[in-house]
Amino acid sequence: MLFDLLYSKISDPRFMLMIASAIAVAATVISIAVPILEGDALKKRVRAVSVERDRIRARERERLDKAGDRRGLRPEPKAYMLDLVNRLKLRDWLNAEGAQQRLQMAGYRGQKAEIVFLFFRFISPILFCAVSAFYIFVVMDTTQYPTAARVGGVVLGLYLGLKAPEIFLSNAISKRQLSISRAFPDALDLLLICVESGMSIEQSFRKVSEEIGTQSIPLAEELMLATAELSYLSERRQAYENLARRTGLDSVKSVCTALTQSERYGTPIGQAMRVLAQEFRDQRMTEAEKKAAALPPKLTVPMILFFLPVLFVAILGPVGIQIFGGK
């Protein structure tokens, strides 16, 4: 009896739509409440992560030295994922170079991230198609739906499976770029102060990366990588180009171009960086004003659907009670 009831509920599209709506509402409430309720513990977390990272690095290097393993600390991909990618040559027909660049922009580096992404780009369409086909043709009562609609549902599942890894990666890139763009004007001001105080560009990048971590951890990571590349690359221009390519932001590209020109022609960088910092800050303020100006049109439909009916009930409710109550 319980199994029949459960099966009837799962096979009912309206019930599943209600469940999906409830999950969406709960996720919305959680996403709004979590940033409000959590405290400002970013500085402590960054400091703890830095200290723990140094401890782990020292411990792992000591362990590898004792074991005689010289492969390094870079994580290796799973054997079955690597075997599938190599057997099917997914790097050739899934545009591995473009995927690797987008993974770097999202903060995922190394061979493991590339292999995992290519593996899920191949597997997710199969999984989504199989799950949608099983639900449509086996679980759900589809006697009232034509065959074309059922096949269309399976094709929709296949399309969602194709797009799911790309959507996940695009969201990760957008969040990372948003964090970097918000903290970059302040980082540029700090970089300008360090340069004008007599520090070299490597020391300036390292100092700014340590200070800006409380505002944007992704920006601190990129500056640390740029510091390392400035130390071992033969040309500084390559390090600046790598930084601009990893972030994918026009503001970072402008600063990298200014640094490259200063390195090539020996021009002073202070005035150019001061102008760029002010320009980026004005651009950030302009974007905020644009979002504020676009808010009233976006609120029109929610106000008509949600606020006005409640307002009418609050205003006309007592009058209606008096009229009908008097009768």
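The buried residues of helix α13 pack against α8 and α12. In this predicted model, those buried positions of α13 are G270, M273, L276, A277 and F280. Buried here means under 20% relative accessible area, with exposed over 50% and partly exposed in between, using a 1.4 Å probe and protein chains only. An α-helix has 3.6 residues a turn, so residues three or four places apart point the same way. The 24 residues of α13 should span 34 Å at 1.5 Å a residue, and its end C-alpha atoms are 35 Å apart, which agrees. The expected span of a helix is 1.5 Å times one less than its number of residues.

Residues are numbered from 1 along each chain as its sequence is written, and side-chain values use heavy atoms, with hydrogens and water left out. As the model is predicted, local features need pLDDT of at least 70 and side-chain atom pairs count only at pLDDT 80 or more, while totals for chains, interfaces and linings use all residues.

Now for the chain as a whole. It has 14 helices and zero strands; helices (H or I, at least four residues) and strands (E, at least two) are DSSP runs, numbered from the N terminus. Of its 327 residues, 27% count as buried. Among contacts with a separation of 6 or more, 65% join residues 24 or more positions apart, a contact being heavy atoms within 4.5 Å.

On a 1 Å grid over the protein atoms alone, a cavity is a set of points where a 1.4 Å probe fits but cannot get out, and a pocket is an open set with protein on both sides within 12 Å along at least five of seven lines; lining residues have an atom within 4 Å of a point. Grid points are joined across faces, edges and corners, and a volume is the space filled by probe spheres set on the points. The count comes to one cavity of 30 Å³ or more. Of the 14 residues lining the largest cavity, F184, L191, F205, L223 and L243 are the closest to its centre. The second largest pocket has 15 lining residues, and closest to its centre are S181, R182, Q283, R284 and E287.

Helix α10 holds E229, which is buried, with a relative accessible area of 12%. Leaving aside residues up to four places away in sequence, E229 touches A239, N242 and R246. In α11, the buried residues include A239, N242 and R246. The 12 residues of α11 reach 17 Å from first C-alpha to last, close to the 16 Å expected. After α11 comes G248, with a positive phi near 70°.

Finally, a word on confidence: pLDDT, the predictor's confidence in each residue from 0 to 100, averages 79 over the chain, and 81% of the residues score at least 70. Over residues 69-73 pLDDT stays under 50. Where pLDDT is low, the predicted coordinates should not be read in detail.
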